[in-house]
Amino acid sequence: MNTELFILEEKKLHNQIDEIAAILKKGGLVAIPTETVYGLAANIFDEQAVKNIYRAKGRPSDNPLIVHVSDLEMAKPLIKKVPKHFFELADHFWPGPLTMVVEKTQLVNNTVSGGLNTVAIRMPSHEIANKIIASAGVPLAAPSANLSGRPSTTAAQHVIADLNGKIDAIAVGEDCKVGIESTVISLVDDKVTLLRPGIITPEQIKGVTGEITIANAVKEELKNGEKALSPGMKYKHYAPLAKVILLESDNDTLYNFIKKEANEDTAFAVYKEHLPFLQGYNVYSLGDRDDYYAVSAKLFGVLRKADEDKVNTLYVLSPPKSGEFLGVYNRMLRAAGFQIKKL
Ligand code: TXA
Ligand code: MG
């Protein structure tokens, strides 16, 4: 299949958005930028188009998709019973990187919901994404625009690498500002549960709802036989081809370790403060260690760069495990297949 590239340009934007919306309305698949990661979009009411998303990504059919809306009116008909806190949370965090899981109506087919009776909904704050949804006039199902299991795509060239030839079009925009996927919470049965951490923190959500439970799988591996609250928790995620190991270490121990372990096939993802001490070694910078926004924006790009550089083993220095870093830590832990090395 020939994949059309729309190089988004201010002067042409209006027409480009309408052309992309027309492809979506006809049942096509288009990768579009959002504030979190690129998404692979299709009209939720066209079940064949939604099936094609699973095929293009190689995604297991029981892993449901997030539905993207451009305004609240578009969301309401999809929700069976509006749960407690839904409107307050929408008021605080939409448009933005928060996804809410609610009970679905018949309008949401089983291909979108992966057979569940719930649906995950979010309203992106990315202006172009929002305008594409509005122009299509229908909600869009959009998982991250990567091959299933690979790191999510935060730059158009990542999408081209994974999906060129497999989908109708790619909207080539700027790199994604947040860099990790949205925070996912369930509001089912009026309980607030964090299913996937993101840049919006549990503390911020609690500030609105007064309560939040963090699913175990956010910080640790699912135990044998433990039920996944979100199907995505079961699957391998964000993994580059390189073997990733999460390192916990103070700076001096880290430098000694790198000096000992360094070889052609091994690389280290560290922070800006470490770079002057590691000149001449294979290192990638995850940015300023105190700036969780910078680190999250860089993470998936670094994982993908390590593959381009044919790295065999990539050691990633762990950030803090909680607070604003919870989302980044969760992605690193999964990319590492839960392998942690304490020095
Ligand atoms: O930032 C994002 O959320 C991006 C952009 C494109 O919007 N999308 C994204 O979609 O990350 P995806 O499909 O890669 O991740 C969706 C996650 C999966 O872990 C899935 O299992 C979970 O949300 N999910 C979707 N529907 C659900 C539901 N009804 N109940 C529980 N979990 C659900
Ligand atoms: Mg994904």
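Reader: What makes helix H11 count as lying across S12, S15 and S16?

Author: Contact means heavy atoms within 4.5 Å. Helix H11, residues 326-335, lies across S12, S15 and S16 in this predicted model. Its direction runs at about 130 degrees to S12.

Reader: Which sheet do these strands belong to, and in what order do its strands stand?

Author: The sheet is open and has five strands. The order is S14-S13-S15-S12-S16, and the pairing is parallel. On average, neighbouring strands of this sheet are turned by 25 degrees against each other, direction ignored.

Reader: Why are S14 and S16 called edge strands?

Author: Strand S14 (283-285) and strand S16 (340-342) each have a single partner strand, so one side of each has no neighbour in the sheet.

Reader: How do you know that S13 and S14 pair?

Author: Two strands pair if DSSP finds at least two bridges between them. Strand S13 (residues 266-270) and S14 share three bridges, in the parallel sense. The count meets the cut-off, so the two strands pair. Phe 268 has Val 283 in S14 as its bridge partner.

Reader: Which helix touches S14?

Author: Helix H10, residues 292-308, packs on the sheet. Helix H10 touches strand S12 (243-248), S13, S14 and strand S15 (313-317). The direction of H10 makes about 160 degrees with that of S14.

Reader: How many bridges join S9 to S10, and are the strands parallel or antiparallel?

Author: Three bridges join strand S9 (residues 183-186) to strand S10 (residues 193-196). The two strands run antiparallel. Val 184 stands opposite Arg 196 in S10. The hairpin of S9 and S10 has six residues between the strands. In this hairpin, Asp 189 takes a positive phi near 60 degrees.

Reader: How do you know that S10 also pairs with S11?

Author: Two bridges join S10 to strand S11 (residues 213-214). The rule asks for at least two, so S10 and S11 pair. They run parallel. In S11, Thr 213 is the bridge partner of Thr 193.

Reader: What makes the β-α-β unit of S10, H8 and S11 right-handed?

Author: Picture the strands pointing away from the viewer. A crossover is right-handed if the path from the first strand over the helix to the second runs clockwise. S10, helix H8 (residues 202-209) and S11 make a right-handed unit.

Reader: Why is the contact of Arg 122 and Glu 35 called a salt bridge?

Author: The cut-off is 4 Å between a side-chain nitrogen of Lys or Arg and a carboxyl oxygen of Asp or Glu. Arg 122 and Glu 35 come to 2.7 Å, N to O, so the pair qualifies. Arg 122 lies in strand S6 (residues 118-122) and Glu 35 in the loop between strand S2 (30-32) and strand S3 (39-43), so the bridge ties together parts 87 residues apart in sequence.

Reader: Are Arg 122 and Glu 35 buried or exposed?

Author: Buried means under 20% relative accessible area. Arg 122 has 2%, so Arg 122 is buried. Glu 35 has 7%, so Glu 35 counts as buried too.

Reader: How many salt bridges does the structure hold, and which residues are linked in a network?

Author: The structure holds 14 salt bridges. Arg 150, Asp 162, Arg 304 and Asp 307 are linked in a network.

Reader: Why is the pair of Phe 257 and Tyr 315 called edge-to-face?

Author: Planes over 60 degrees apart count as edge-to-face, and ring centres must lie within 6.5 Å. Phe 257 and Tyr 315 have 85 degrees between the planes and 5.1 Å centre to centre, so both conditions hold. Phe 257 lies in helix H9 (residues 251-261) and Tyr 315 in strand S15, so the pair ties together parts 58 residues apart in sequence. Phe 257 counts as buried at 7% relative accessibility. Tyr 315 is buried at 9%.

Notes:
Residues numbered from 1 in each chain as written. Chains lettered and ligands numbered in written order. Predicted model: local features only at pLDDT ≥ 70, side-chain atom pairs only at ≥ 80, totals over all residues. Heavy atoms only, no water. Helix = DSSP H or I, 4+ residues; strand = E, 2+ residues; numbered from the N terminus. Buried < 20%, exposed > 50% of the residue type's maximum accessible area, 1.4 Å probe, protein only. Axes fitted to C-alpha atoms, helices over the stretch in contact; angles between N-to-C directions. Phe/Tyr/Trp six-rings, centres within 6.5 Å; stacked < 30°, edge-to-face > 60°.
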